[in-house]
Amino acid sequence: MTPALQSHAALTLCKLAPVIPVIVVDDLDHAVPLAEALVAGGLPVLEVTLRTPCALDAIRAMAAVPGARVGAGTVLSAHDAANAKAAGATFAVSPGATPALIAACTAQGLPLLPGAASASEVMTLLERGYRTLKFFPAGPAGGPAMLKALGGPLPQATFCPTGGVSLANATDYLSLANVACVGGSWVAPAKMMAAGDWAGITELAREAAALPR
Ligand SMILES: O=C(O)C(=O)C[C@H](O)[C@H](O)COP(=O)(O)O
């Protein structure tokens, strides 16, 4: 799958909802109820970070939840990409991008949302054929002002800013012409997951899904 087609698939996913939840699953038993809660609240696209031992099993379980579009986050290597694909991930998100990761996602037909935080990084990915990018870490890298500035010379790149995005500042990003959606962990707080507060998480998802863009 060419990078151009990967970016097309990624953009389609980004347009499904204003927010992609960034999920850290510590307990496999949380995976299905969490996915159901987020989908019920209107957030169907879910990024499960490969940061915990049960992440791949969580992806496998969540991929079977009706309406869920489950991808892997923190995909850093070709090995991660292969594992994510085998677990049923339908897309991959990375904080940056490397030639090895790009080659693996291209070979395996796994749409990659690669990370970029500077004009040169954006230009390098555009050169490779990627037009849908993660802007990471969004807050520390300059926030909405930085994205707006990048949009001047590089309007062909569309972003999913992630890292320091919250309900309070999401609209500052979503109102920009070069932003398709935002990513954030605030809709799946560890405390609410530990407490099994799935109704509360559905409520957070509802608020997020209603954000204007
Ligand atoms: O590991 C990755 O590949 C990531 O996706 C990193 C996440 O984007 C941030 O950890 C989410 O940031 P917060 O919403 O501020 O918690």
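1. First, some housekeeping. Residues are numbered from 1 along each chain as its sequence is written. Because the model is predicted, local features need pLDDT of at least 70 and side-chain atom pairs count only at pLDDT 80 or more, while totals for chains, interfaces and linings use all residues. Helices (H or I, at least four residues) and strands (E, at least two) are DSSP runs, numbered from the N terminus.

2. Let's start with strand 1, residues 19-23, where 5 of the 5 residues are buried. Here buried means that 20 or more other C-beta atoms, placed from the backbone, lie within 10 Å of a residue's own. Val19, Pro21 and Ile23 point one way from the strand, Ile20 and Val22 point the other way, and all are buried.

3. Which strands does strand 1 pair with? Strand 9 (residues 182-184) is joined to strand 1 in the parallel sense by 3 bridges, with Pro21 opposite Gly184. Strand 2 (residues 45-49) also runs parallel to strand 1, over 2 bridges, and Val22 has Glu47 as its bridge partner there. Pairing requires that DSSP finds at least two bridges between two strands.

4. Elsewhere, 3 strands make an open sheet with parallel pairing, in the order 6-7-8. Strand 6 and strand 7 (residues 132-135) are linked by 2 bridges, and Gly115 has Lys134 in strand 7 as its bridge partner.

5. Helix 1 (residues 3-14) packs on this sheet, touching strand 7 and strand 8, and its direction makes about 60° with that of strand 7. Axes are lines fitted to C-alpha atoms, for helices over the stretch in contact, and angles run from 0 to 180 degrees between N-to-C directions.

6. Do look at helix 3 (residues 55-62) and helix 4 (residues 78-87), which pack at an angle of about 30° with their axes 8 Å apart. That makes the two helices roughly parallel (angles under 35 degrees). Helix 3 meets helix 4 through Leu56, Ile59 and Arg60 on one side and Asn83, Ala84 and Ala87 on the other, a contact being C-beta atoms, placed from the backbone, within 7 Å.

Methods: Contact = placed C-beta atoms within 7 Å. Parallel < 35°, antiparallel > 145°, perpendicular 65-115°, else oblique. Buried ≥ 20, exposed ≤ 12 C-beta atoms within 10 Å, placed from the backbone.
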